[in-house]
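I set down here what I looked up in this structure, entry by entry. The entries follow the order in which I took up the topics.

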Amino acid sequence: MDLLNTLAEKGLRRELPTREEALAVLATPDDDLLDVVAAAGKVRRQWFGRRVKLNYLVNLKSGLCPEDCSYCSQRLGSKAEILKYTWLKPDEASKAAAAGVAGGAKRVCLVASGRGPTDRDVDRVSQTIEAIKEQNEGVEVCACLGLLSDGQAGRLRSAGADAYNHNLNTSEGTYGAITTTHTYADRVETVHQAQAAGLSACSGLIAGMGESDSDLVDVVFALRELDPDSVPVNFLIPFEGTPLAKEWNLTPQRCLRILAMVRFVCPDVEVRLAGGREVHLRSMQPLALHLVNSIFLGDYLTSEGQAGQTDLDMIADAGFEVEGAGTTTLPRHRADAVGGCAAHSEGGGPQSEGCGSHSGGCAPCGDGPGAETDAAEAAEVPAARTDLVSVRRRGAGTDLAPNA
């Protein structure tokens with residue numbers, strides 16, 4: 001197919017596709033799905049070989065968030081029966097992180113619900129970062145604490161944080177339909193603050209919230225312009241008790257097309273398969289490894305993932321390998337551009353990473369370029385698999401062992 005050959009060649013050159021090409025990927029028929037995966041897989045292997053980076057989430061503070069993000073089980077007014085607890089102590093968080101590292105995780109993602117941290121919260125997280133780094137030599141730490149105030153990114157960097165996650169989630173044009181308590185511009189500004197402080201930026205999206213193909217392309221092109229090192233792709237987990245509980249808009253095939261489009265637009269960036277992969281990709285998860293080079297190990301913030309050992313078996317069975325702690329994630333040209341971060345040591349290329357995970361909503365599809373495709377796919381979406389949405393009851397904030 002000329003389109004896929006063109007996109008693969010552009011990806012090998014780090015050349016930006018056109019919007020029309022990106023939209024065309026999302027519109028490809030299921031009969032061409034393996035061709036789409038193969039073309040995007042060629043780009044993935046060029047920049048990341050067959051390595052898969054493992055990341056591990058630690059939810060430092062769960063629930064009771066004052067923000068009204070429609071997709072989130074921790075939102076203001078959420079009736080989802082999730083775990084709710086206040087800040088973990090540094091030693092508790094370090095113990096949880098150690099379980100992930102023992103399971104093969106190279107990066108630990110520290111997440112806390114809320115609009116953004118107070119200066120006291122930054123102190124708490126700084127102590128936690130120091131405790132984790134003291135006990136786990138070489139581990140990368142990414143913080144995800146919400147909107148940052150002036151100077152806070154620098155303080156986290158001084159405490160040893162390597163990266164900061166803040167997802168754009170959806171297009172600027174539809175952002176107001178999923179959140180009213182802060183703006184799209186607020187999110188962009190926080191990513192800029194993290195980059196200015198020398199932190200590796202991590203910013204991604206949530207798909208499956210009723211958005212059009214055009215919205216998906218808009219947010220991925222915005223991410224390309226923002227130039228984060230990591231782009232987590234979440235698929236909406238429709239939690240009962242949230243405004244988007246009935247938004248079951250995804251098929252495994254559509255998820256794969258979305259991941260392929262992200263890889264073509266962001267060829268040399270760590271594309272991370274994040275929340276919702278078990279719910280929406282299901283038995284087709286191994287195919288996604290040909291598109292992404294990073295996943296979360298084990299559980300998410302408020303939902304349970306598949307068993308950690310199952311993740312490891314899946315990677316091995318699909319012919320991939322877990323990326324080692326001493327291996328550079330990013331290609332040399334990106335690593336050199338943000339030198340000094342633990343995520344960017346010497347090395348490069350395939351010889352040698354949203355931390356985004358949610359518990360996702362958006363305006364109904366409009367008349368944009370992808371609207372007809374979306375409408376056709378919506379009719380083909382199978383019945384909701386609510387049985388696959390399992391609230392986390394183990395790990396951080398509980399007395400039970402974590403899944404890692």
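**Entry 1: a charged pair across the chain.** I began with Asp 227, which at 41% relative accessibility counts as partly exposed, because partly exposed covers the range between buried (under 20% relative accessible area) and exposed (over 50%), with a 1.4 Å probe and protein chains only. The side chain of Asp 227 meets that of Arg 334 in a salt bridge, at 3.1 Å from N to O. Arg 334 lies in helix α13 (residues 332-337) and Asp 227 in the loop between α8 (213-226) and β7 (230-235), so the pair ties together parts 107 residues apart in sequence. Arg 334 itself is buried, with a relative accessible area of 10%. I use salt bridge for a side-chain nitrogen of Lys or Arg within 4 Å of a carboxyl oxygen of Asp or Glu.

**Entry 2: basis of the values.** I note that the model is predicted, that local features need pLDDT of at least 70, that side-chain atom pairs count only at pLDDT 80 or more, and that totals for chains, interfaces and linings use all residues. Residues are numbered from 1 along each chain as its sequence is written, and side-chain values use heavy atoms, with hydrogens and water left out.

**Entry 3: the chain as a whole.** I recorded 14 helices and 10 strands in the protein chain; these are DSSP runs numbered from the N terminus, helices being H or I of at least four residues and strands E of at least two. Of the 404 residues in the protein chain, 62% are buried.

**Entry 4: further salt bridges.** I found that the structure holds 23 salt bridges. One of them joins the side chains of Asp 119 and Arg 155 at 3.2 Å, N to O. Asp 119 is in helix α5 (residues 119-135) and Arg 155 in helix α6 (residues 152-158), so that distant parts of the chain, 36 residues apart, are linked. Asp 119 is partly exposed at 46% relative accessibility, and Arg 155 is partly exposed at 29%. I also looked up Glu 278 and Arg 277, whose side chains meet in a salt bridge at 3.8 Å, N to O. Glu 278 counts as buried at 12% relative accessibility, and Arg 277 is buried with a relative accessible area of 1%.

**Entry 5: strand β8.** On the β9 side (residues 294-296), β8 pairs in the parallel sense over two bridges, and Ser 294 in β9 is the bridge partner of Arg 272.

**Entry 6: Ser 203.** I placed Ser 203 in the loop between β5 (200-202) and β6 (205-207). Is Ser 203 buried or exposed? At 0% relative accessibility, Ser 203 counts as buried. A polar atom of the Ser 203 side chain lies 3.4 Å from the backbone nitrogen of Leu 168. Leaving aside neighbours within four places in sequence, I listed the residues in contact with Ser 203, among them Asn 165, His 166, Val 191, Leu 223 and Pro 232; contact means heavy atoms within 4.5 Å.

Conventions
Polar contact = N/O pair within 3.5 Å; in protein donor to acceptor, adjacent residues only side chain to side chain. Pairing = 2+ DSSP bridges.
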